[in-house]
Amino acid sequence: APLPETDLRPKQRRTETHSTRARPSARANRRGPRRRPRRARISGDLLAGGKAAAMARRSSSSSSGPWRYLNPAYYLKRPKRLALLFFVFVAATFAFWDRQSLVREYESEISRLDDEINRLHDQLRKAGVHLEENPISDKMSRKDIVEIDPINNERREKVKEAMLHAWNSYVKYAWGMDELQVPEIPSDFCFAYINSQPQSRNGVNSFGGLGATLVDSLDTLYIMGLKDEFQKARDWVAESLDFDKDYDASVFETTIRLHYKVYLDCSIYLLNLFVPCCHSAAKLIVMVVGGLLSAYDLSGDKIFLDKAKDITDRLLPAWETTSGIPFNRINLAHGRAHNPGWTNGDSILADSGTEQLEFIALSQRTGIPSISKRFCYCLLTFCYLNVQINFGDAENVITQLQKIYPSDGLLPIYINPHSGTASYSTITFGAMGDSFYEYLLKVWIQGNKTEHVKHYRQMWETSMEGLTSLIRKTTPSNYHYICEKNGGSLSDKMDELACFAPGMLALGASGYGSEKSEQIMNLAKELARTCYNFYQTTPTKLAGENYFFHSGQDMSVGTSWNILRPETVESLMYLWRLTGNKTYQDWGWDIFQAFEKNSRIESGYVGLRDVNTGEKDNMMQSFFLAETLKYLYLLFSPPSVISFDEWVFNTEAHPLRIVPIHDNKAHASGFQTPVVRPFGRKQGKPE
């Protein structure tokens, strides 16, 4: 009986529900919105609970993983951990700052200790105690050693070994004398006798016994890191170098410039090699004074500066002329100055214009203005100094120079020392004219390229316009060469001495505007190619003394000897440094190998009497050690070794430090030169 009631009840409820939906009762309206069925509510609750549980799981996973430490909310809810994080941050910052401070203090202390070691090392050396190794190397040098090209490193070591061979030969056979060469011979001697003599091993005092090769080689030894050899030479300078010589020192290399006179080639050659007591004060300036000042700038050893001052005082009377243009000869003991007879009383252009670098440098290092003032009386008007001097007398020279200085900037090789006027003579960038133009540019560089020395640059640029007018080209190889000028006619002849010009042009190119600079640099490259082929066109691959050019024949050797000259490798060194083109290094290596093959003998290096046959002479020129080997060494070294930014080379390849303008006060209290550390040394074996 209950079952039917139960069965009927749902139907009744569904009917009522339908009826209620159709007509909501007043009671339903009073109760508000109808609630969902229970099953739907339960299903919704379960669904909501699942979502909440999922979110809780994700939140729990996030809060329990490593990423929670990156959530700022994590720390905001945990203040202790926030404080700990702040403490760690402060501690790490302090530790980093403290580390940097320690590094700076360490570097400062190391620098101080380095200076102290260097000072003690110098004291030991002066006391005669020789250490096995250089105690400290310059930081720049260490870096450069690491970065050096292995090929250039090997080449540089070969050049260093050549220097050791030449030096050891001089030490063994001619120590303390001027040069290693044949014995002195009569002035009427000729090649027939020379050819009959064996290669001798004797020293000759062709500069009056001033130790020319030794003094000339000081900076080369130092730059190459040959410390033992440098120290031995330094001791000789301190103990034995004496300038109280009763002989006439002429004002430049007159004996190697006599081929402009009408002499037989044989006599010229002999005069170039052997005539004693006919060498110049200017030669002594660029070689001896320049060598001593360079050694002082590199090492800081005051003995070199004292010796430079001594010989300078003895040379000053040569500038006591009415025009201020110096005489070419002077007796070092008595101070009597005059000119040689073969110049008809005239002074030589290259002599008079090739002392400014050395005497400006000496004045800067001693604070004595009278030294530079005297030499301001030369052709180059007045010098730029960092000391106060009276330029009144120098202004008179400016006026005189303006009267004779030509519009093309090309001066004859002879100048009258009394009137200050140019004589009718050859114009050349070779013998007796070359270094005048070189020093116009280099004094400007030495003077920091300021307004005070701007007139030197202007004179040089004028002269370079004149040089351009002397340029001619050959056929068929299109070699560029510099003619000589005699009156209104040009001579198709070029000295190997003029091969300094490519390097000079390259060095001065940067002072022009971009277009002109490119033109000057291109001319330098073309002239360097010609000079390189001076070597390559002979059977021995060594250049003759001069060359002639003919239409359709390119070039031919004129005077055929080779005396180990440096001018071509000098220009190659400048061009490599200023262009970065390694071709110039390869060319220099070719020339070095030719010297090794043809000029090296058991007792040093000698020149060739004939580059066509390879016949040797008996002479090792001092400039082979001072210039040729030094330029070759620098050609294969990094540009930071004797940087052009800090040094300027004199015409004998002696580097002189450029004194910055802000160092003016140094002259009042004495010039302080920083000690330069050698590039590095792999000790050669003594012979």
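A disulfide joins Cys 499 to Cys 531, with an S to S distance of 2.1 Å. A search of the whole structure, which is a predicted model, finds one disulfide. The protein averages a pLDDT of 77, and 69% of the residues score at least 70.

**Disulfide**

- The pair links distant parts of the chain, 32 residues apart.
- Cys 499 lies in the loop between β12 (493-495) and α20 (501-508), while Cys 531 belongs to helix α21 (residues 514-536).
- The torsion about the S-S bond of Cys 499 and Cys 531 is about -100°, so the disulfide is left-handed.
- Cys 499 has a relative accessible area of 0% and is therefore buried, the cut-off being under 20%.
- Cys 531 also counts as buried, at 1% relative accessibility.
- Another cysteine, Cys 483, is buried with a relative accessible area of 0%.

**Nonpolar cores**

- The largest nonpolar core has 141 residues, and Leu 292, Phe 429 and Phe 534 touch the most other members.
- Helix α12 (residues 281-299) supplies the largest share of this core, 11 residues.
- A second, separate core has five residues, among them Ile 348, Ile 413, Tyr 414 and Met 432.
- In soluble globular proteins, nonpolar side chains tend to be buried together.
- Leaving aside neighbours within four places in sequence, Phe 429 is in contact with residues including Leu 410, Met 464, Leu 467, Leu 470, Ile 482, Leu 497 and Phe 500.
- The contacts of Phe 429 also include Asp 434, Tyr 437, Ser 463 and Ala 498.

**Ser 425**

- Ser 425 sits in the loop between β7 (414-415) and α18 (434-446).
- With a relative accessible area of 15%, Ser 425 is buried, because the cut-off is under 20%.
- Beyond its neighbours within four places in sequence, Ser 425 is in contact with Pro 412, Ile 413, Tyr 414 and Lys 485.
- Of these, Pro 412 is 13 residues from Ser 425 in sequence and 5.3 Å away in space, C-alpha to C-alpha.
- For Tyr 414, the side chain of Ser 425 reaches the backbone nitrogen at 3.3 Å.
- Ile 413 and Tyr 414, both contacts of Ser 425, are also among the members of the second core.

How values were computed
Residues are numbered from 1 along each chain as its sequence is written. This is a predicted model: local features need pLDDT of at least 70, side-chain atom pairs count only at pLDDT 80 or more; totals for chains, interfaces and linings use all residues. Side-chain values use heavy atoms; hydrogens and water are left out. pLDDT is the predictor's confidence in each residue, from 0 to 100. A nonpolar core is a set of buried Ala, Val, Leu, Ile, Met, Phe, Trp, Tyr and Cys residues joined through side-chain atoms within 4.5 Å. Buried means under 20% relative accessible area, exposed over 50%, partly exposed in between (1.4 Å probe, protein chains only). Helices (H or I, at least four residues) and strands (E, at least two) are DSSP runs, numbered from the N terminus. Contact means heavy atoms within 4.5 Å. A disulfide is a pair of cysteine sulfur atoms within 2.5 Å. A polar contact is a pair of N or O atoms within 3.5 Å; within protein, one must be able to donate a hydrogen and the other to accept it, and residues adjacent in sequence count only if both atoms are side-chain atoms.
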